[in-house]
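Here is a short note for a reader new to structures. Please keep the model open beside the text and check each point against it.

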Amino acid sequence: MFRRLLCTFNTLSSHTATPTPLLRIIDANPVRCSLVTSTRLRCKASEEGEVQEERDPTKDRSRVIPVETSMKYIKSEAYHTTYGSDPVWKIYRRNFKGAFPPRKTRKTCIRAKMIATGNPCPICRDEYLVLDYRNVDLLKQFISEHNGAILSYSMTNICQRRHKELQVAVLKARDYGLLTYDVPFREYEYSEYYTPSKNDNKLTT
Amino acid sequence: MNIGVRSNLVALGCGARLWYPVHEAMVTLTGSQTVRWIKPRWVPVAKSKMFRIPERKPLPLEEEVELRCLYNNYYMAMRAIRRHLCEERLRVSDTSELAIKAEEEQAEHDQLMEHNSQENLRVAALREARIKKEFEADLARVTASKEKLAKDAEKAEEEALRIINETQEFVKTFIKREDFEKAIETALANPVDYNFAIDQQGNIFRGRSTRPEDVAEEDKEKLLFAVQS
Amino acid sequence: MPFPAAGGARVPLRTAKCIRFARHGCANRPFYHIVVMDKKSPRQGHVIEQLGTWDPLVNAHGEKLCSINLERTTYWISKGALISEGCSMLLGLAGLLPIHPRVYLLAWRNRRAAAAQKVQEKEDAAQVEN
Amino acid sequence: MAATVTLQVYFRSIFFTNNAVLRSFQRKSWRHCSTSVNIYNDRDPAPVFFSENVQTILKKITGTDFNKVFRQRFDEKKLSPPEYKFMTDEELKQKMKNAERLSSKILQMPPVLKERQAISNILSRDPAITGFENCKFVFTDITYGLPDRKRLVVVRDPDGTLRQASWEEAERMNQIYNPRPGRKLKPPKLFQEEHLTNVLERGEYEFVLDSACAQFEPDDPEYLRITSVVYESVDKKRCYQLLHSTRHYGPLCFYLTWNKKIENLLISLLQQEKLEACADIVRLYQLIHTDCKSKMINVDPNQHLELLKAYVEHDSLQQQQLQLAIQAYQEIVRERQQYNENVKTAHGL
């Protein structure tokens, strides 16, 4: 019951259009949250300003890189020195507890436009690698050259969100014809299209 | 919002909770959110609604006439269609390729059955012949074994007879109790000397103390292999 | 005998069978299967055979899609299965059966309502002018 | 072995010199025509295409190069480890026969048909139900065992007319109720103009043709447009070799002969010294255009060069290039023979 009181107080305060809610529920335990005093809140608001600058540029992923720059980057010298001729996901060591890696890779490396992990996946770690259907050179690295299938994340170790983006990009690329693959064979039943009537044969001998 | 609708006041903080679960309403302090009343299935029909019959909306007359005519035509058409489809189904059922296929299968089935029965007959004949042969073989075997047994029995009999005769002769050499002493004396009298010696030519010299010169030339016994070589 | 989309329910001989809609899809997204089942079984009861599907919502091309297995439907109709009102309206529109009177009625009422609507708009427009 | 290799290299060097001469001559007369799209609408090609001897010629021209027919397919199927077996001769013969049969199945030519007529067949009219629903009703008959083209699809328009669905609607319904692998509900963007051109520049002819076969019916006007664009660009770039021993080589040759554009094809075949194929194409030309003059002159069929010459004099539209190519070819043959004699005399035989 008490919790509801606080919850309503919170929504009420939000009505009065202060940018940050005066009171925020920090944990479920009703007793402790009542100790949240307004003093603590005031200093939180002031802190907001400085935290903005402290964002670590290497981990900042708020900038949206256009596909063209990504394509240029992949052909650039810098890319060649870092990755050489290997695919992007080659030199990456996935760290996990125990001997066997968990079946699925992490859900995402980027949370709130910041790299949220010490060991981001091969795509998230490099800002200029953009998964897009036009970026064929990057997509080709994630396609097996034996049967044209998309390599699974257990091999490329990219996070689930990037893997989903990769799948979408590859399908769009195939739809646009940028990536070629072998279409399933279509067997024709000639009798459906043409019934050879007697007189036709005489015509063309 | 007409007052008639019984609104489910989920006021904030008031103790009166309804004894049956209703949708969790989004609660705001400013006012109470009214929720449309839905009678749960298990609540019995209200008394006032017990014998209520929803009255039919009166159709305008010409519409009604038109409708009745339409429905009559429709039902007539439907009956005709059902009968037609039924006849169609019966007609098709015996000429349809299903039926033909069924007939083919039936014909094939009969043919297979017939082939099967012939096969059975042939196999039965073979079986008879085999059984007869086996029977004769058994008979022959039995008679052969009988003869063999008979022969064995005779042989055993002869053997037994022979043994009996031998023992009878042998028994004769037994020393009876009453002439026991006499036998001892004769034994003492002429001791038997089993020792013997042989020389390089194969001659045997019986007796412990006999010397080769004692024995005359002609009655020298010869060893078996000496005779052969 | 082509394999029917059998639902697996027992086919009782003497009971009345009915061709009707079984609602699939989810809340606010109805999707009906045209189905043959025992008349007394509940709407989502055990189905004898599925004859087709009916999607009441209009698609991007402005069409309502419906699929009917004509061969099996004619078979069950000839076996004397009853047809629910919705199904008979649909089969009427499909051309397998004659048009159901209720379709004529609804069409008629819609036309009348549309006409009334038009008249109403004309009057409003007239009022607005003066 | 090494000797023959060196000889081949030597020939090729002679060969190229003439070739270069020839090609430079061609470039001058390069027609920068945009890929003109002509669909078989004047005469129905189906009876001609499906007739016995045209089919045999097309199958013979396609040729079965097993490496290409049974190449590694990029269709996301799981790979199986290669199998090495010791085989007796009969088993080997049997295996080759199976491979032959399988390759003929893989090289099955997509049918060449006329553009289909639109369907306008009204089943019944019920104006009385206008207003019942302001959208169309599409009814599809999902009886089992019906081929897609024979499936009945019927549309009830808002104004009450019950008509048979058009080809597009029927195809869409078939795809909804009976989806076929490799086919999409909306045609892929690959077939739009700008994407098609850049795919063709990359030379992915077989990919475009395969996806067109999977997506469209062979008598779909869209299919005919795409295939003619692809055939035109193949003809312009003269890379027939890419489509050789694939299922599309037959229809390509048929299209070119149907539209009397076989000069480039003949020249490229002559350069590859495939005289047999040239003769087949000329014979195909005579079969399709029964009114052509070279048919009158009875040339014995197995003399390929004469057949070709007859065609060049009478029917060919660009005679100089063809004559040049024939001369180049004869020159090469003469030089080769001459060279062989020299070698023989050198070896003192």
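1. **A helix to start with.** The buried residues of α14(D) pack against α13 and α15 (319–346) of chain D. Helix α14 covers residues 304–314 of chain D, and its buried residues are D:L307, D:L308, D:A310, D:Y311 and D:V312. A residue is buried if 20 or more other C-beta atoms lie within 10 Å of its own, exposed if 12 or fewer, and partly exposed in between; these C-beta atoms are placed from the backbone. Helices (H or I, at least four residues) and strands (E, at least two) are DSSP runs, numbered from the N terminus.

2. **Ground rules.** This is a predicted model: local features need pLDDT of at least 70, side-chain atom pairs count only at pLDDT 80 or more, and totals for chains, interfaces and linings use all residues. Residues are numbered from 1 along each chain as its sequence is written, while chains are lettered from A and ligands numbered from 1 in the order in which they are written.

3. Look at α8, residues 205–215 of chain D. This helix is mostly covered, with 9 of its 11 residues buried. They are D:Y205, D:F207, D:V208, D:L209, D:D210, D:S211, D:A212, D:C213 and D:Q215. What do the buried residues of α8(D) pack against? Their partners are α7 (193–201), α9 (221–237) and α10 (240–243) of chain D.

4. **Two helices side by side.** Helix α3 (residues 52–62) and helix α13 (residues 275–288), both of chain D, pack at an angle of about 155°, and their axes are 10 Å apart. α3(D) is therefore roughly antiparallel to α13(D). Axes are lines fitted to C-alpha atoms, for helices over the stretch in contact, and angles run from 0 to 180 degrees between N-to-C directions. Angles under 35 degrees count as roughly parallel, over 145 as roughly antiparallel, 65 to 115 as roughly perpendicular and the rest as oblique.

5. **What they touch with.** α3(D) contributes D:N53, D:V54, D:I57, D:K60 and D:I61, and α13(D) contributes D:A277, D:D280, D:I281, D:R283, D:L284 and D:L287. Two residues are in contact if their C-beta atoms, placed from the backbone, lie within 7 Å. By type, the contact residues of α3(D) and α13(D) are 7 nonpolar, 1 polar and 3 charged. Ala, Val, Leu, Ile, Met, Phe, Trp, Tyr, Cys and Pro count as nonpolar, Asp, Glu, Lys and Arg as charged, and the others, Gly among them, as polar.

6. **A sheet across two chains.** An open sheet of 9 strands runs in the order β5(C)-β1(C)-β2(C)-β3(C)-β4(C)-β2(D)-β3(D)-β4(D)-β1(D), with mixed pairing. Two strands pair if DSSP finds at least two bridges between them. Which strands lie at the edges? They are β5 (82–83) of chain C and β1 (122–125) of chain D, each pairing on one side only. β4(C) and β2(D) pair in the parallel sense over 6 bridges, and C:K64 stands opposite D:F137. Within chain D, β3 (residues 153–156) and β4 (residues 161–164) run antiparallel and are joined by 3 bridges. There, D:R156 has D:L162 as its bridge partner.

7. **The contact of chains C and D.** It takes 24 residues from chain D and 25 residues from chain C. On the chain D side, β2(D) gives the most, with 6 residues. That side divides into 14 nonpolar, 6 polar and 4 charged residues.

8. **The contact of chains A and D.** Here 25 residues of chain A meet 33 residues of chain D. α11(A) gives the most to the chain A side, with 4 residues. The chain A side divides into 11 nonpolar, 7 polar and 7 charged residues.

9. **Chain B.** This chain has 4 helices and 3 strands, in the pattern α-α-α-β-β-β-α along the sequence. Buried residues make up 0% of its 229 residues. β1 (residues 196–198) and β2 (residues 203–206) of chain B pair in the antiparallel sense over 3 bridges. β1(B) and β2(B) form a hairpin with 4 residues between them, and B:G202 in the turn has a positive phi of about 95°. B:I204 of β2(B) stands opposite B:I198 and also opposite B:E221 in β3(B).
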